[in-house]
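Please review the briefing below alongside the sequence and the coordinates. It is arranged by topic for use in preparing further computational work.

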Amino acid sequence: MLKIVSSALALLLVFSHGAVAGESEIKAALGKMDMTATMIRPSPVPGVSAVATPQGVFYISDDGRYLLQGPMFDMSGKTPKNITNNVLLDELNSLENEMIIYKSQRGSHVITVFTDITCPYCLKLHNENKALNDKGITVRYLAFPRKGPDSAVGREMQSVWCNGFKTKALDNAFRNEPIPQIDSCNIDISKHYNLGLKFGITGTPAIVLEDGTLIAGYLSADKIAELVNK
């Protein structure tokens with residue numbers, strides 16, 4: 001079932017008064033909650049920065065006083081648009097060389113799927129790849145073993161991502177066919193998993209659209225095409 005991840009913007013903490021915060025001030029403020037920033041960017045709201053952390057995306061006022069967590073919506077269009085995960089897109093795209101990609105020759109749209117090879121709805125979505133490609137949509141995969149990268153499934157998925165024929169290995173894994181065990185390579189799927197946690201992913205499949213919109217759960221190829229062509 002489609003579930004677009006959303007929740008009310010919640011105020012978490014009030015910091016001490018101070019001058020306009022720069023990067024060092026923001027990092028110091030986050031340190032009060034034992035958090036570190038992996039990326040800091042201005043948000044669309046004047047006076048507020050968006051901060052990516054291992055715990056997810058937060059917002060902090062430029063005076064260092066307020067820290068907020070929750071989705072930010074752009075209300076300027078016909079329908080509200082969740083723009084919270086925009087700050088994570090660079091990190092997502094930096095992993096493209098580690099993704100298993102089913103490329104479309106018919107268009108330029110791209111979706112990124114966090115998947116688990118033991119998830120029935122992940123298999124159902126995987127079976128839509130040809131239809132998605134035919135609709136001009138390239139499908140990129142990152143690993144999100146629900147029991148964690150150190151689980152038995154995580155180790156099997158590590159073997160898939162280390163395989164020299166990745167798309168074939170992933171196809172075989174979804175068909176429950178044996179794949180060669182490869183314990184390590186230059187790809188570490190724990191990075192995929194941790195990025196998924198930053199996006200707020202708790203289950204699979206999880207689909208990230210080009211604008212950072214996160215969709216939790218299975219969608220048909222027709223519905224995905226409708227969303228990316230809006």
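**Cysteines, a buried histidine and model confidence**

C162 counts as buried because its relative accessibility is 13% (buried means under 20% relative accessible area, exposed over 50% and partly exposed in between, with a 1.4 Å probe and protein chains only). This is a predicted model, in which local features need pLDDT of at least 70 and side-chain atom pairs count only at pLDDT 80 or more, whereas totals for chains, interfaces and linings use all residues. Residues are numbered from 1 along each chain as its sequence is written, and side-chain values use heavy atoms, with hydrogens and water left out.

**Disulfide and cysteines**

- The structure holds one disulfide, a term that denotes a pair of cysteine sulfur atoms within 2.5 Å.
- C162 and C185 form this disulfide, with 2.1 Å between their sulfur atoms.
- The pair links distant parts of the chain, 23 residues apart: C162 lies in helix α5 (residues 152-162), and C185 in the loop between α6 (166-174) and α7.
- Helices (H or I, at least four residues) are DSSP runs, numbered from the N terminus.
- The disulfide of C162 and C185 is left-handed because the torsion about its S-S bond is about -80°.
- C185 counts as partly exposed, at 33% relative accessibility.
- Two further cysteines are buried: C119 has a relative accessible area of 4%, and C122 is at 1% relative accessibility.

- H192 belongs to helix α7, which spans residues 189-199.
- With a relative accessibility of 0%, H192 counts as buried.
- The side chain of H192 reaches the backbone nitrogen of A143 at 3.2 Å.
- Leaving aside residues up to four places away in sequence, H192 touches L95, E98, F114, L142, A143, W161 and I187 (contact means heavy atoms within 4.5 Å).

**Confidence and domains**

- The protein chain has a mean pLDDT of 88, and 91% of its residues reach 70 or more; pLDDT is the predictor's confidence in each residue, from 0 to 100.
- Over residues 1-21 pLDDT stays under 50, and the model has 60 contacts beyond four places in sequence for these residues.
- Where pLDDT is low, the predicted coordinates should not be read in detail.
- The protein chain is divided into domain 1 (23-84) and domain 2 (99-229), with bounds that come from an automatic or database domain assignment.
- The centres of domain 1 and domain 2, taken over C-alpha atoms, are separated by 28 Å.

Note on methods: Helices (H or I, at least four residues) and strands (E, at least two) are DSSP runs, numbered from the N terminus. A polar contact is a pair of N or O atoms within 3.5 Å; within protein, one must be able to donate a hydrogen and the other to accept it, and residues adjacent in sequence count only if both atoms are side-chain atoms.
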